[in-house]
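Subject: Structure handover

Hello,

Below is the structure I said I would pass on. My notes on it follow.

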Amino acid sequence: MNIMRQHYERIIVACAFLLLFVNVGFTSTAFSVYQSYLVELPGVGNVGGSFIVTIRTLVALVCMFFTGFYFTHLRPRLGFFIATMCTVASFILYAFAQNMGGLCLASVLAGMGYGFGGMVASTYLVGNWFHGKVGSVSGIVTMGSGAAAIFMPLLAAWLIETYSLSTAFFAEGLIALVIALAIFTFVRSTPYEVGLEPIEPTQEHSRAKPRRAPRHPKEKLSSVHLPGASYVSMLVALVLLGGVSVAGYNYFGILLTTQGIDPAVAAILISIAGIFLTLSKFAVGIVCDRFGTFAGSLLFFVLLIGALVLCSLIGKGGVPEAAFAAVILGIGMPLGTTGISLWSLELSSPEQMLKTIKRFQIAYAFGGFAFNMMPGILSQLTGTYRTTYEVLSVMAIICAAIVLVVYARHILRARRAFEARHPHP
């Protein structure tokens, strides 16, 4: 038990991973496997299928506005459990729903699980336990939703074909229940609850006595106040990034099929993008820890912009360039998860951490919601989805410019503050 306590941060990382695996993976990234089956249900159809997803997205966005109140009035451990139980209840209800009303109610519960138990919850938990370099930890944690996107569709498809749609929903609900109980059992909101202190970059795994935190200013960006104008600029950038990430990834398959690529081949390319997306979530954290968040963000913004440009250039039946675009798109997309997690932790003081995490996630979610209809409208006007990726490329360039300028100025601000506190003799 003492060994477990000494290394309890590993259990916390696993719990944060599971939060995203269930509350984001089950309800969002892996849910697309059900869409083709839901639209075939009586009274649902294509419009109803889209409406079911829209309800979940809207409810999740609304819930994010109240995460501060939620975690202030509930112990985070209990809050995580309740949110995950909302996801459990949603899949059980999906399994037994007989009409559109039941499916919509299930989507409301799924949205609550996503909003209260998703990125805000996992980032908040990581921020409580780890100070300083959190890139590697955030990368591991955000792989949770990607892992669900790889494995759960395979399980769901097999259960649907072998048994029924209801069986697949019910099975995911049971898996989510087991994970919810594990989270409630092992989560501790802060390290102080098990007699430990937050993990600092210089600390070893064994913490028999407190270690001194590093003094280099790049390790303590959060110790310097982020001016209001920079804060607002980051929110604008995250709205743009939300639109780029949600529309850019969700409409990739439609882009491929409308460019004459066989649906089976398109499905393989989407899976390839998902694999690289999952791996890259961890890679973003490693790179940002090794070279700094500014340099890491610059690198992955270049990859993301390049991927969007490649998508806009895919020709009729262009499988080779589509495959290359799929790989680069998967590598660049984690800025919308790992990237935001790092930015929100580094650009906020410990006192403002939860508020900043919440606001950054709300801005990102709003961007995804606001720009979700844009590809369909542009396709209707121009006759191709390639136009969407041209627009998304411009949006990504603007987003990158804002984030990098804010970071560069904040690094300079932190360096000056450090030199003022520790003048050279």
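Predicted model: local features only at pLDDT ≥ 70, side-chain atom pairs only at ≥ 80, totals over all residues.

Arginine 75 is exposed, with a relative accessible area of 54%. Here exposed means over 50% relative accessible area, buried under 20%, and partly exposed in between, using a 1.4 Å probe and protein chains only.

Residues are numbered from 1 along each chain as its sequence is written, and side-chain values use heavy atoms, with hydrogens and water left out.

Salt bridge

Side chains of opposite charge can pair when their charged atoms come close. The cut-off used for a salt bridge is a side-chain nitrogen of Lys or Arg within 4 Å of a carboxyl oxygen of Asp or Glu. The structure has one salt bridge. Its partners are arginine 75 and glutamate 193, with the closest N and O atoms 3.7 Å apart. Arginine 75 is in the loop between helix H5 (67-73) and H6, and glutamate 193 is in the loop between H10 and helix H11 (228-250), so the pair ties together parts 118 residues apart in sequence. Helices are DSSP runs (H or I, at least four residues), numbered from the N terminus. Glutamate 193 counts as partly exposed, at 36% relative accessibility.

Aromatic pairs

A pair of aromatic rings is described by the distance of the centres and the angle of the planes. Rings of Phe, Tyr and Trp (its six-membered ring) pair if their centres lie within 6.5 Å; planes under 30 degrees apart count as stacked, over 60 as edge-to-face and the rest as tilted. By this rule there are 19 aromatic pairs. In one of them, phenylalanine 31 and phenylalanine 169 have ring centres 6.3 Å apart and planes at 35°, so the pair is tilted. This pair links distant parts of the chain, 138 residues apart: phenylalanine 31 is in the loop between H2 and helix H3 (32-38), and phenylalanine 169 is in helix H10 (residues 165-186). Phenylalanine 31 is buried at 4% relative accessibility, and phenylalanine 169 is buried at 1%.

Phenylalanine 96 and phenylalanine 170 form an edge-to-face pair, 6.0 Å centre to centre with 85° between the planes. Phenylalanine 96 is exposed at 55%, whereas phenylalanine 170 is partly exposed at 34%.

One aromatic cluster is formed by Phe17, Phe21, Phe26, Phe31, Phe91, Tyr94 and Phe169.

Core and surface

A nonpolar core is a set of buried Ala, Val, Leu, Ile, Met, Phe, Trp, Tyr and Cys residues joined through side-chain atoms within 4.5 Å. The largest one has 133 residues, and Tyr34, Tyr94, Phe169, Phe252 and Trp343 touch the most other members. Helix H2 (residues 8-29) gives the largest share of this core, 11 residues.

Helix H4 (residues 45-65) supplies the largest share of the patch, three residues.

Regards

Methods:
Helix = DSSP H or I, 4+ residues; strand = E, 2+ residues; numbered from the N terminus.
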